[in-house]
Amino acid sequence: MGSTISFFSGESFPIEMHKVRIVQKLSLIPIEERVSAMQAAGFNTFLLKNNSIFMDMLTDSGVNAMSDRQLASMMMADDAYAGSMSFERLKEAAIGIFGKDFILPAHQGRAAENIISSAFVKPGNVVPMNYHFTTTKAHIGLRGGSVVELFKPVAMDLSSDEPFKGNMDTDALATLLDSERGNVPFVRMEAGTNLIGGQPWSLANLKEVGKICRDRGIPLVLDASLLADNLYFIKTREASQRDASIREITRRISDEADIVYFSARKLGCARGGLILSNDQSTHDKMLEFVPLYEGFLTYGGMSVREIEAIAVGLEETMDFDMIRHGPEFIKLMADELAKKGVPVVTPAGGLGCHLNASEFLSHVPQTEFTAGALAAATFIAGGVRGMERGTLSEERNPDGSEHLSEVELLRLAVPRRVFTMSQIKYAVDRIHWLFENRRLVGGLKWISEPKILRFFSGTLDAVSDWPNSLARKFRADFGDSL
Ligand code: F0G
């Protein structure tokens, strides 16, 4: 289990098993300027400039802290268009960890998805998965395929104590594979299921999925982008794996899959992507797309420095002290918020702390973008940037009406080793204040709405003067405080 530290005081909190040696200065601008920055960004947190943000909790992608060993490795990178020794080192590390013989590079996770979909998805195909991710679904759709999600009802239960909400419904999988015989190119399991709150599956569930696929000769594809969190939860929640090392659990997971791919912006704490597979013919089917879309086979769109950093980052992910930091800080944040009555998704998962915006702002209708409004208000209250996961992130229905999301969440990502506990406590304090003043927060309306992936670049406005009312209340409560 790695060493756990208990405290004489009886308190319990996670402690960092690293020290900070490179820092980046932050500034916190006054609330009136936060209102102006939010207005200038069209009430879209993606359009904020980083110099107006105090705590950037948008994502962990490409912004996890890197280690001294990763930075040192980047100084010894081998630049070559073909045959770079940096790629050889990455190959050795990745093949050693996952136990697969074949490897292909890609510049990030969605590029790996493009290659896998290009190689295997044909028009009319159906791809079953525990839950979709936005980029995955888009690439399967581009090739004429469609996604079927086979989660269990508990996955949608925002407050629960179910330890493995990411599990696939294996009865539904067997039934679907039998009825869609010949029409399923692969089954996809996503580790640390992103869009349902970073929720894990158990190794037992993955093994069942693996057996169902093998019995029918259908490849199992594992999206390992958020594997680090899933590994932590298997080790801490699945009794049969308690005594296994992270490396052993990783191997047990990988052994179930025919293809493992991931965004190294997440797994490996650098910037890139990889696809690993078991056999030559699977590898060859994907190989031709790498030089076409990414770059030569020994860099695939990545810089050699990042390639070196991923090799070291993957090895470091096998250390329980490293992978525990994210989920333990997320749990601390979720527990502190829950104690104050703030509606958070439970159990706390990986990736980030998720606020249930529908409960938080129960007076703001979904047609006024409940989670989007909470994202804007959270930035105004504390300079904390999160990511809307609700109706704004959906596409409109074919008839042009709004497609109301099943859930309205605000994701506050906790990139690994980036924030200190006092910063997390600050975020909790400002969110608590916002919750007490939630009635002041109103909705949003479109100003400019792009047709594709509107959440990235669309602009909105507040339906009333609520941002300034919120700022005035802040001044009344906090005086001159930032
Ligand atoms: N799969 C999962 C589970 C992801 O979370 C992501 C990215 C990708 C694939 C795509 O990888 O960004 O390197 O192209 N998730 C980011 C996030 C964007 O913020 O959650 P990518």
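# Reading a predicted model, one feature at a time

Modeller: Let's start at the ligand: one of its oxygen atoms sits 2.7 Å from a polar side-chain atom of Thr59. Keep in mind that this is a predicted model.

Biologist: Fine. Which other residues have a polar atom facing a ligand oxygen, and is that atom in the side chain or the backbone?

Modeller: Both kinds turn up. Gly109 uses a polar backbone atom, 2.9 Å from an oxygen atom of the ligand. Ser263 uses an N or O atom of its side chain, at 2.6 Å from a ligand oxygen. As for cover, the ligand has 470 Å² of accessible area on its own, and the protein covers 95% of that.

Biologist: How many residues are around the ligand, and which come nearest?

Modeller: There are 16, with Thr59, Arg110, Asp223, Ser263 and Arg411 coming nearest. Helix 4, residues 109–120, supplies the largest share of the shell, three residues.

Biologist: Now the nonpolar residues. Where do they tend to go in general?

Modeller: In soluble globular proteins, nonpolar side chains tend to be buried together. In this model the largest nonpolar core has 60 residues. Met57, Met333, Leu337, Leu355, Phe360, Leu434 and Trp466 have the most contacts inside that core. A second, separate core holds 59 residues, including Met74, Ala224, Ala270 and Leu276.

Biologist: Let me zoom in on Phe360. What does Phe360 touch, leaving out residues up to four places away in sequence?

Modeller: Val342, Pro343, Leu355, Leu374, Ile431, Leu434, Phe435 and Arg438.

Biologist: And Asp60: buried or exposed?

Modeller: To read that, look at the relative accessible area; under 20% is called buried. Asp60 has 7%, so Asp60 counts as buried. You'll find Asp60 in the loop between strand 1 (55–56) and helix 2 (68–74). The Asp60 side chain makes a polar contact of 2.6 Å with the side chain of Lys266. Setting aside neighbours within four places in sequence, Asp60 is also in contact with Leu226, Arg265, Leu351, Ala413 and Pro415.

Biologist: Where is Asn194, and which side chain does the Asn194 side chain meet in a polar contact?

Modeller: Asn194 is in the loop between strand 5 (187–190) and helix 7 (203–215). Its relative accessible area is 4%, so Asn194 is buried. The polar contact joins its side chain to that of Arg411, at 3.2 Å. Beyond four places in sequence, the contacts of Asn194 include Phe133, Lys266 and His354.

Biologist: What about Glu88?

Modeller: Glu88 belongs to helix 3, residues 85–98. With a relative accessible area of 34%, Glu88 is partly exposed. Glu88 and Gly458 are 370 residues apart in sequence, and their C-alpha atoms are 42 Å apart in space.

Biologist: Last topic, the backbone. Which residues does a cis peptide bond join?

Modeller: Thr346 and Pro347, with omega at about -5 degrees. Pro347 sits in the loop between helix 13 (320–339) and strand 9 (352–356).

Biologist: And what is phi of Phe43 and of Phe369?

Modeller: Phi is near 55 degrees for Phe43, a positive value in a residue other than glycine. For Phe369, phi is near 60 degrees, again positive in a non-glycine residue. Phe43 is in the loop between helix 1 (31–40) and strand 1, while Phe369 lies in the loop between helix 14 (357–360) and helix 15 (370–382). Phe43 is buried, at 3% relative accessible area, and Phe369 is buried too, at 1%.

Note on methods: Residues numbered from 1 in each chain as written. Predicted model: local features only at pLDDT ≥ 70, side-chain atom pairs only at ≥ 80, totals over all residues. Heavy atoms only, no water. Near = heavy atom within 4 Å. Polar contact = N/O pair within 3.5 Å; in protein donor to acceptor, adjacent residues only side chain to side chain. Areas by Shrake-Rupley, 256 points an atom, 1.4 Å probe, with all protein chains shown as cover. Helix = DSSP H or I, 4+ residues; strand = E, 2+ residues; numbered from the N terminus. Core = buried A, V, L, I, M, F, W, Y, C linked by side-chain atoms within 4.5 Å. Buried < 20%, exposed > 50% of the residue type's maximum accessible area, 1.4 Å probe, protein only. Contact = heavy atoms within 4.5 Å.
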